[in-house]
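Have a look at the model first, and then we can go through it together.

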Amino acid sequence: MKSALDYFHASFAQLRLASRAVSAGLWEKNYGLSWGRMSSLTQIVMFILLHAFTGFRYRNNIQLLLQSQSLICTGAALSIKYFTMIRRRDAVRKLTSNIETTLYMRYEETSLEYPVVLKYSRMLYIGGHVMTWGYCCSLAIIAINPAIVYITEGRMVLLFFVEIPHVDWSNNRGYLITMAVQITMYLTGTFGLILVDYLCAFFTSNGALYVDIFRFHLEQLGNLLQDLGYQMATTQNLRDEVNRKWRDCLAEHQHIVEFFEEFSNLWSMINLAQVCCSVFGICINMLLLLLDSRWYAAYAILFALFVDLSVHFLFGAFIEKKIDDLHDSLVQFSWYLFDDQHQKEYKLLLLRSQMPCGMSIAGLTPVNYETYTQVK
């Protein structure tokens, strides 16, 4: 049976694989431009230029113009995510390394906290596989439109309506070249989405684990405070244990605050790009369906946009719930059994817990269910 550390290493290996697939180099030692990174950057530039070329070519036909731009917003959002990850890779590396040392290497199988750590490590491991296979299978969903058109009308169409200059895709050779380029760019984009979205799930899950570990220790401290030996001041060892446990809780709460602040700063612009590009992409594809409900690719793209946008807000709402649980645990804590000095520290801790701490959209609004309903 796998341990929590084994599940963590397996999940982290998926992230490293996705990072290597798009040459992001988040956990590699090399800096600057590598051949793999140049290839990814070339595909990003090609994706944008080919959409611009196709849109300009069919600018007089509104339906074909919209079809050519149905995925441009997804590509723009992914490009922003990619460049953000490269620019802030030191912050990503710092967060991931701290998680392993402060959680999975600290709480081993013999510790009381281990069942909680094991639960979250399994959840992250299973969620990562579901997310990876879901994104990889999306290629089959996108391919539904060419398959339906070929079966019903007997003609070949592209995976998504983007043409290459000086390549006539109406003949076999041009069609194969165009499809090869489109599939390559799509697979690169898929691995990029797996990297960014699974990394968001990785930080969300482990941030929630920090909170639950803190709540577990706070409950233990509350049980010690209610012991008659502590209240009667007859057991010095018990008082020392209370002081040590309280110092640990203070340090853990400070670590939680710093973790979510760094995570929020890292993801704020990514959330802004995700929301803006997803909204514009949804509008484009819904307008396409109003003009022609038989362009089946729009259904698949709309489904993918809604799922990707919903997942980000689900992560934000989960973090918000965990922060609320942390605050509730502090409110219900038996603080009145402390001495005067510890009560002052508790008040400062409670005051800090009331400040906003979670994912936001460029610092403008929190990422939660309320914002999600307003966006939709």
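How many aromatic pairs does the count come to? The count comes to 22 aromatic pairs, where rings of Phe, Tyr and Trp (its six-membered ring) pair if their centres lie within 6.5 Å. This is a predicted model, in which local features need pLDDT of at least 70 and side-chain atom pairs count only at pLDDT 80 or more, while totals for chains, interfaces and linings use all residues. Residues are numbered from 1 along each chain as its sequence is written, and side-chain values use heavy atoms, with hydrogens and water left out.

**Aromatic pairs**
- Phe8 and Tyr104 are stacked (planes under 30 degrees apart), because their ring centres are 4.6 Å apart and their planes at 25°.
- This pair links distant parts of the chain, with Phe8 in helix α1 (residues 4-21) and Tyr104 in helix α5 (residues 89-104).
- Both Phe8 and Tyr104 are buried, meaning under 20% relative accessible area (1.4 Å probe, protein chains only).
- Phe203 and Trp267 are edge-to-face (planes over 60 degrees apart), since their centres lie 6.1 Å apart with planes at 85°.
- Phe203 sits in helix α8 (residues 172-225) and Trp267 in helix α10 (residues 236-291), 64 residues apart.
- Phe203 is buried at 0% relative accessibility, and Trp267 is buried at 0% as well.

**Aromatic cluster**
- One aromatic cluster includes Phe8, Tyr104, Phe203 and Trp267, with Trp27 and Tyr210 also among its members.

**Glu320**
- Glu320 is placed in helix α11.

Definitions and conventions:
Helices (H or I, at least four residues) and strands (E, at least two) are DSSP runs, numbered from the N terminus. Buried means under 20% relative accessible area, exposed over 50%, partly exposed in between (1.4 Å probe, protein chains only).
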